[in-house]
Amino acid sequence: MIGLVHAGNADYYTTMSDAAKNPDNRAPLSDPAPEPLFMKEFEKVIQSYAEAVSGGRPEEAQNAGMQALLMASEEAMKNPAPSLLLWQDAGNCEVKGDWAGAEAAYRQVVALTESSGNFGMIAKAQMDLARLLRLLGRLDEAWQFACQATSSARCTELFPVLYRALSIKSLCALDRGDYSGALAAASEGVQVIEPGKLYESMSANALITHARCLLATGDPAGADLDLASSWEKLKARFGSALMPGPILAFASWWEVKSQLEEKRANIEGAREAMARAIGYLRQMQGPYALSA
């Protein structure tokens, strides 16, 4: 269930990394063109983030990332796009537990973005709907939209978007008992990520999902290797400075670690690992964290 929460939340640091590498694709939720002055200042902050990440300065990167997020939010509030307003409605419905309202809003976003021809926005809308349907236990429908999101993501030719779609597709396949399909999607998700410090968090998350799938297919030794590699990336990338994305990554890591220890018949170790996962999730808010 923690895997559902983790897949459902956009990786904040991944978004910043994507923006740093793809300056023309920074604001997937904002339809109106931002003001030139804003874009100039925003680009400076994004560049600062990228330099801090590359230089191994996590706290400085976190501060720059937060500044960029606040700037983007303020700009979006000044010029709200129809898609953004619908996404906000969906989020508000989720907080209230109004699942029918959230689904209706997400379906409107899917229809709106599909008419835009922007495959990045289309993929995100389809991923959000797949995530919600997965939470509601409507696994076949969730799988359908996860597959559509993966197809849309391929059209963007942006590996961060494709990675996120493949991650959701993998988890949806696990839910449906399609372990080989889940492993195939997770394996591709690991492979599509480009090397570099800027993408360490993405790589760490991909390895956690891959480990989850290896456990399902009966390869605990492989899962152990993935978890070890992922742990090194998480610790090197984030240290003790945690934001929602990293918190969920650590929670997911400990959940899979618990499953691994259970496979080894180490019940006490499994309990301890799950307690660590829950401890991270208690730092979060919102329906998906509560569900986990």
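This is a predicted model: local features need pLDDT of at least 70, side-chain atom pairs count only at pLDDT 80 or more; totals for chains, interfaces and linings use all residues.
**View 1. Helix α13 packs against helix α14.** Here we look at α13, residues 244-263, and α14, residues 267-281, whose axes come within 8 Å and cross at roughly 165°. That angle makes α13 roughly antiparallel to α14, and the crossing is left-handed. From α13, the contact is made by I247, L248, F250, A251, W254, E255, K257, S258, E261 and E262. Facing them from α14 are I267, G269, A270, A273, M274, R276, A277, Y280 and L281.

**View 2. E103 sits in helix α6.** This helix spans residues 99-114. Is the glutamate E103 buried or exposed? With a relative accessible area of 13%, E103 counts as buried because that value lies under the 20% cut-off.

**View 3. Cysteines without a disulfide.** In general, a disulfide is a covalent bond joining the sulfur atoms of two cysteines. How many disulfides does a search of the whole structure find? The search finds zero. Take C172 as an example: its closest cysteine sulfur belongs to C147 and is 8.1 Å away, so the two are too far apart for a bond. A pair would need its sulfur atoms within 2.5 Å to count as a disulfide. C172 is also buried, with a relative accessible area of 2%. Another cysteine to look for is C93, which is buried with a relative accessible area of 12%.

Conventions
Residues are numbered from 1 along each chain as its sequence is written. Side-chain values use heavy atoms; hydrogens and water are left out. Helices (H or I, at least four residues) and strands (E, at least two) are DSSP runs, numbered from the N terminus. Buried means under 20% relative accessible area, exposed over 50%, partly exposed in between (1.4 Å probe, protein chains only). Axes are lines fitted to C-alpha atoms, for helices over the stretch in contact, and angles run from 0 to 180 degrees between N-to-C directions. Angles under 35 degrees count as roughly parallel, over 145 as roughly antiparallel, 65 to 115 as roughly perpendicular and the rest as oblique. A crossing is left-handed if the near helix is turned anticlockwise from the far one by less than a right angle, and right-handed if clockwise. Contact means heavy atoms within 4.5 Å.
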